[in-house]
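Work through the exercises below with the model in view. Try each task before you read its solution.

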Amino acid sequence: MDYGYPILAFCLAGVLLLYGIVLISSRNISLIPQAEKGKIKDTKSYARQFGKALVILSLAPLSSGIIWLTGAVRRSMAFLVIGFV
């Protein structure tokens, strides 16, 4: 099971990417948990920006999984943590 981490990282990246794309395309703020608790003036713009942030955030596990496949395990873990921060 040498490829367990990259598979999970690619799955996480895919889920984040799909969720971000759905938010960008639908612009529906009700897809964001607890968004109704804040005072948001432009809900469509907020949902779109949140979706863009998720798409960018999905690059961290994707690149970490790719780096893991090259054999640099410590670098991939460091890149994942830095990418999420």
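**Exercise 1.** In what order do the elements of the protein run from the N terminus on?

*Solution.* The order is α-α-α-α. In total there are four helices and zero strands. Helices (H or I, at least four residues) and strands (E, at least two) are DSSP runs, numbered from the N terminus.

A note on the source: this is a predicted model, where local features need pLDDT of at least 70, side-chain atom pairs count only at pLDDT 80 or more, and totals for chains, interfaces and linings use all residues. Residues are numbered from 1 along each chain as its sequence is written, and side-chain values use heavy atoms, with hydrogens and water left out.

**Exercise 2.** Find which residues make up the largest nonpolar core.

*Solution.* Start with the terms. Buried means under 20% relative accessible area, exposed over 50%, and partly exposed in between (1.4 Å probe, protein chains only). A nonpolar core is a set of buried Ala, Val, Leu, Ile, Met, Phe, Trp, Tyr and Cys residues joined through side-chain atoms within 4.5 Å.

Now list the members. The largest core has seven residues: Leu16, Leu23, Ile29, Ile32, Ala35, Ala47 and Leu54. Helix H1 (4-26) and helix H2 (43-57) are the elements that give two or more residues to this core.

Next, take Leu54. Contact means heavy atoms within 4.5 Å. Beyond its neighbours within four places in sequence, Leu54 touches Leu16, Tyr19, Gly20 and Leu23.

**Exercise 3.** Which residues form a nonpolar patch on the surface?

*Solution.* Patch residues have over 30% relative accessible area and no salt bridge; like charges are joined within 9 Å, nonpolar side chains (Val, Leu, Ile, Met, Phe, Trp, Tyr) within 5 Å. A salt bridge is a side-chain nitrogen of Lys or Arg within 4 Å of a carboxyl oxygen of Asp or Glu. Areas come from the Shrake-Rupley method with a 1.4 Å probe; for residues, only the protein chains shown count as cover.

The patch holds Tyr3, Ile7, Phe10, Ile56, Leu59, Leu62, Ile66 and Leu69, with about 780 Å² of accessible area together. H1 and helix H3 (59-70) each give two or more residues. H3 supplies the largest share, four residues.

Then check Ile56. This residue lies in helix H2. Its relative accessible area is 60%, so Ile56 is exposed.
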